[in-house]
Amino acid sequence: MKHLLSINDLGAEGIDEVCRLADHFTEVSQRPIPKVPALRGKTVAMLFYEDSTRTRLSFEVAARRLSADVMGFSVSASSVNKGESVRDTVATVSALGPDAIVVRHRSAGVPQQTAAWTHASVINAGDGWHEHPTQALLDCYTIRDRLGSVAGRRIVIVGDIKHSRVARSCVMAFTALGAKVTLVAPPTLLPPEVGSWPVDISFSLDAVLSDCDVVYGLRVQKERQSDALLPSLREYTAQWGLTAARAARLHPDALVMHPGPVNRGVEIAPEVLDQPNATLNEQVRHGVAVRMAVLYLLLAADPDLRPEGAGA
Amino acid sequence: MEAEDIKRATWRMAHEIIERNHGLEGVVLVGLQTGGVWLAEDIAIALNEIEGVEPPLGTLDVAFHRDDIGLRPLLPEAPTKIPFNLDGQAVVIVDDVLYTGRTIRAALDALNSYGRPRTVQLAVMVDRGHRELPIRPDFVGKNLPTRRDEMVDAHRDGIDLGEIVK
Amino acid sequence: MSTVIKGGLVIDQTGERNGDVVVEDGRVVAVGPDLSGDEVLDASGCVVAPGFVDIHAHLRQPGAEEAETIETGSWAAVRGGYSAVVAMPNTNPPIDCAAVVQEVLALGRPAPCDVYTSGAITVGRKGEQLAPMAEMAALGVRLFTDDGNGVQEAGLMRRAMEYAAGLGVVLAQHCEVDSLAAGGHMHEGEWSSRLGIPGVPAEAEELMVMRDIALSRFTGAPIHFQHLSTRGSIAMVRAAREAGLEVTAEAATHHFTLTDEACASYDPVFKVNPPLRPADDRDAVREGLSDGAVDAIATDHAPHSPDTKEMPFDQAPPGMLGLETALALALTELNLPLAEVVGLLSWQPAAIAGLKGVHGAPIAPGGPANLCVFDPNETWTVDPDALASRSRNTPYAGRQVRGRVRHTIVGGNPVLVDQEMRP
């Protein structure tokens, strides 16, 4: 595999592979010196056109723990603000010879376009409403870690599905692994033709709460009010927020997940976030191991590279 | 070599480890995934029976430390578990077959991440020659001259020698 | 100096016949067997048809000469078998007054094909105030449109239709309700859902088609619908015509060729407005062209320079090239008799643009010598670098198509001979 643009690039087998590899990197992260030389001499460029603290940091830590060099590309300080096109910027970054480019952009499809404009491996770190594959991978890893497997789990994703790249990647990943996914949102926050997605739909969180293994909350942007998609955040919280009262109706082992950053008190009540079945910090921690796995798979374990000679 | 010969060699190596280290004080075993793990387990059993002390036993997969990353698909095959600090310990790396020495070089590199051992020793069931690095075993089950195009596989039931199918 | 087109099958509105065609001094002088002339153009195996008329071309001049000029756009037209093109008014400045009309017509005079222009319905295409249609009509403008935008305000559209009817000109509508389409970059459906690209629903087009049919019934004024792309739109136009309303419609080549699935590549070359639709809508466009609900094939030729088009999908401007591939796509994709394809490209659009008798006319002695000669069976592969257009944004790169223009004669002059442009 050359690029990671979509969860579809991996399929169930690929997701399993990433999780299996992430187990090894979790062990690496627990060593007194949590660093391996696997990607020594490789360079990973960060091309983030959109603000991101956790994803960018997570990729940087992952790259460094693999001994790769990290080439930071700060959009505000770069020629992007002088009107340079994405294509020209990609050409410039590529000329510096990175082995991988991690791309985040507010427009769907930019990582796919980038892949056509560079020789480097391209990793999608979030493109518009489209996908955020490494988030879905770390979520799969977290569920697998907590519940043993993703297969057969009933996962409720609640919130602004329509504008969520996390939702798209998670739906693909969870269903690929055999989970049963239910999307819960007001109809204005569901994507068009959602009937073509391999999911169940419910408009009521209360109706599905007591019968699930995972509640996955998505961030609700304040501007959805001005877009006339929501009357108010207060109404959203009342209908679709994971309040303490709703959380109390969950199965005791059910997980509360969120990709972060969370609007405390909007999507999830603060006291619910502090419960032991809330996995937000684990998700962040697993993000490093999972991104190490992705970088390693793309840059070190390319199965197209054949051994020169076998032997013990 | 047959199963009995393997067992005798294992016990002999256990005695040599005790002799070299004047007992088992500070001795830990690290079996390399995947071929070295059974041998490390058997040596640990022998050490326990001889000395009445069960040495700490870890496993190590060296995939991330190899120097041929990028030359071939290199995925770790089995877990690394070293649940003890190596500072000041006498670490015995255990593997089934010693060949070019590159796996051992990777293992030495990996061990650095777990602390600073007092000494590192190497126990292998078979030394088949053809070293590419200045590495030599401290404890050997059997020296077995081979051609480069042969495959050697050592396990509890004996040693297999085969041609590489090209 | 006379030119004879030898050995072709002559197809026009009156029917089909084998024969040579002799052209002299801008007119057809003879049609029949074994004719001769000073210059001989071989038409064996070819169709000799009235030159094509594109009632929907963006020639980009004035304002975006880096993408296309009237000259380069006209050469693209000639390569596509067109003897006439109608320029769209969304230039910079827009074609919304006599001065700009005159400029465009002046730029078009030396062009290899006849360049007509449409005019804007409203000042600046802003949809606020009627443009001076009478002064533009006096310069020969017959088609008015705010193309690129629809006229949003129903009351304003009503007044525009009434005013235009008095001038004997036709309003052409780019049907798109902004409040539904705003922020959309492809068809809203399964693909946009999956790709995370904001969508434009079919209803954004259909609501305006519905409204303008009602206004046409109300005002009695004719209305022409541009680049219809949905099954619903075409069904409404079909019903309106059956009800006797003066409603005409065009379909763009890409809407009967491509579907929204193409956007999965995120290549903005597939971004167009109205957007590519699902297969069912594409099939409806084909049906409309076949049963007469749709009168004309238009290209919506919309050149964009590479640096404006090679952008993130949602930032790239919509539009794709069309002039040089329209005939081939019509022959390849539509399973229609040759005469019907020629009608959709020639006399039917000519009638909508008010060019009857000059373009799309029967090929007979005394008639205008605006002709197109094409081989309906030649297969070729679309190569962006081989196009005459100044831009390269064809969505058909590498596609194998059937049917190729061999010669184009405009005003009696062979401007394209054996696929070679003759300046």
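Predicted model: local features only at pLDDT ≥ 70, side-chain atom pairs only at ≥ 80, totals over all residues.
The strands under discussion belong to an open sheet of chain C, built from five strands in the order S9-S10-S13-S14-S15 and paired in parallel fashion. At the edges of this sheet stand S9 (143-144) and S15 (296-298) of chain C; each has a single partner strand, so one side of each is left without a neighbour in the sheet. Further in, S13 (residues 223-225) and S14 (residues 247-252) of chain C pair in the parallel sense, with three bridges between them. Across this pairing, C:Ile223 sits opposite C:Val247 of S14(C).

Zooming out, chain C splits into two domains: domain 1, made of 2-47 plus 366-421, and domain 2, covering 51-352. The C-alpha centres of the two domains of chain C are 25 Å apart. Where the domains meet, domain 1 of chain C puts in 30 residues and domain 2 of chain C puts in 41. On the domain 1 side, strands S16 (371-381), S17 (400-410) and S18 (413-417) of chain C each supply at least two residues to the contact with domain 2. S17(C) gives the most to that side, with seven residues. Sorted by class, the domain 1 side of this contact in chain C holds 17 nonpolar, eight polar and five charged residues.

Chain C also touches chain A, in a contact that takes 17 residues from chain C and 21 from chain A. Helix H6 of chain C (residues 190-195) provides the largest share of the chain C side, with four residues. That side of chain C comes out as six nonpolar, six polar and five charged residues.

As for confidence, chain A averages a pLDDT of 92, and 94% of its residues score at least 70. One stretch to treat separately is residues 305-312 of chain A, over which pLDDT stays under 50. For this stretch of chain A, the model has 13 contacts beyond four places in sequence.

Definitions and conventions: Residues numbered from 1 in each chain as written. Chains lettered and ligands numbered in written order. Pairing = 2+ DSSP bridges. Contact = placed C-beta atoms within 7 Å. Nonpolar A, V, L, I, M, F, W, Y, C, P; charged D, E, K, R; others polar. Domains from an automatic or database assignment. pLDDT = per-residue confidence, 0-100.
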